[in-house]
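Please have a look at the model first, and then read on.

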Amino acid sequence: MRDLRRIVVAVVIGSFSIAALMGIIALLQPGPFGQTEGRVLLTTVIVGVESVAALCYLSLSGRPWAAVGAVGATVSLAATIAALLMTWGNDSEVLGKFMGVSALVAATFAQASLLISLAGRRRTVPLLVGTLTAAAAVCTMISVLIITDHEPAPGFGRTLGVVAILDALGTVVLVALAIVVRLTRSVGGVAGQAPLVLVPSVETRLVAAATLRGVTPSELVGDALDALEASDRERVAQDA
């Protein structure tokens with residue numbers, strides 16, 4: 001799995017580097033800036049967006065929810081091909097709608113992949129589910145606008161705005177919580193306390209168990225502590 005990740009990362013970096021080089025050449029080429037140069041620059045942008053999305057999907061590689069990243073990568077590839085076809089001359093209305101919907105679905109899967117990879121604690125599951133539900137609703141509502149030519153129903157725009165705000169709020173909170181948790185763990189969890197050091201044999205077992213379950217060692221320890229605390233509370237309640 002690690003070899004696959006290296007290959008994907010190498011392909012992403014290589015393809016975007018080539019596209020970026022093409023964009024720079026188009027900008028520095030002497031003479032007027034024409035349609036071809038514009039298409040080259042737009043191609044660079046498309047490849048760059050696809051590269052960022054691919055890294056989001058890759059964050060779930062080797063984990064239980066890897067299928068989410070795989071589906072997102074497939075949809076994203078279709079959207080990228082459609083966008084490139086439109087950039088280089090195919091202005092079909094059907095292709096345009098397909099590109100718009102597929103790009104929107106791919107972006108939603110990229111968001112889901114990133115949030116799932118960050119939300120490793122059970123305490124954040126309700127917030128994660130709510131945020132992904134809001135993201136799916138936004139994707140569906142905008143897709144309807146792209147596909148249909150009819151005017152939206154009264155209140156549609158307000159509803160879309162509220163759901164989009166909830167989606168953005170949940171995303172920001174989940175990312176912020178993930179950053180705080182990682183910063184806390186990096187300094188040992190308590191100010192002035194040295195980071196926890198495990199003996200090699202225990203560290204090896206911990207890494208192996210985490211790899212088997214598709215989580216990080218920190219997430220595995222966190223889940224184990226949650227289960228232990230719940231067991232302690234139940235025992236105290238029974239004794240009382």
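A crossing of two helices is called left-handed if the near helix is turned anticlockwise from the far one by less than a right angle, and right-handed if clockwise. With that in hand, note that this is a predicted model. The points below cover two helix pairs and then one helix taken by itself.

**H2 against H4**
- Helix H2 covers residues 35–58 and helix H4 covers residues 93–118; their axes come within 8 Å and cross at roughly 40 degrees.
- That angle makes H2 oblique to H4.
- The crossing of H2 and H4 is left-handed.
- On the H2 side, Ala 53, Cys 56 and Tyr 57 make the contact, and they meet Ala 106, Ala 107, Phe 109, Ala 110, Ser 113 and Leu 114 of H4.
- Sorted by class, this contact of H2 with H4 has 8 nonpolar residues, 1 polar residue and no charged ones.

**H3 against H4**
- The axes of helix H3 (residues 66–87) and H4 come within 8 Å, with a crossing angle of roughly 145 degrees.
- The crossing of H3 and H4 is left-handed.
- H3 contributes residues including Val 68, Gly 72, Val 75, Ala 79 and Met 86, while those from H4 include Leu 95, Phe 98, Met 99, Ser 102 and Ile 116.
- By class, the contact of H3 with H4 has 18 nonpolar and 6 polar residues, and no charged ones.

**Helix H8**
- H8 spans residues 217–239, 23 residues in total, and reaches 33 Å from its first C-alpha to its last, close to the 33 Å expected.
- The buried residues of H8 are Glu 219, Leu 220, Gly 222, Asp 223 and Asp 226.

Terms used
Residues are numbered from 1 along each chain as its sequence is written. This is a predicted model: local features need pLDDT of at least 70, side-chain atom pairs count only at pLDDT 80 or more; totals for chains, interfaces and linings use all residues. Side-chain values use heavy atoms; hydrogens and water are left out. Helices (H or I, at least four residues) and strands (E, at least two) are DSSP runs, numbered from the N terminus. The expected span of a helix is 1.5 Å times one less than its number of residues. Buried means under 20% relative accessible area, exposed over 50%, partly exposed in between (1.4 Å probe, protein chains only). Axes are lines fitted to C-alpha atoms, for helices over the stretch in contact, and angles run from 0 to 180 degrees between N-to-C directions. Angles under 35 degrees count as roughly parallel, over 145 as roughly antiparallel, 65 to 115 as roughly perpendicular and the rest as oblique. Contact means heavy atoms within 4.5 Å. Ala, Val, Leu, Ile, Met, Phe, Trp, Tyr, Cys and Pro count as nonpolar, Asp, Glu, Lys and Arg as charged, and the others, Gly among them, as polar.
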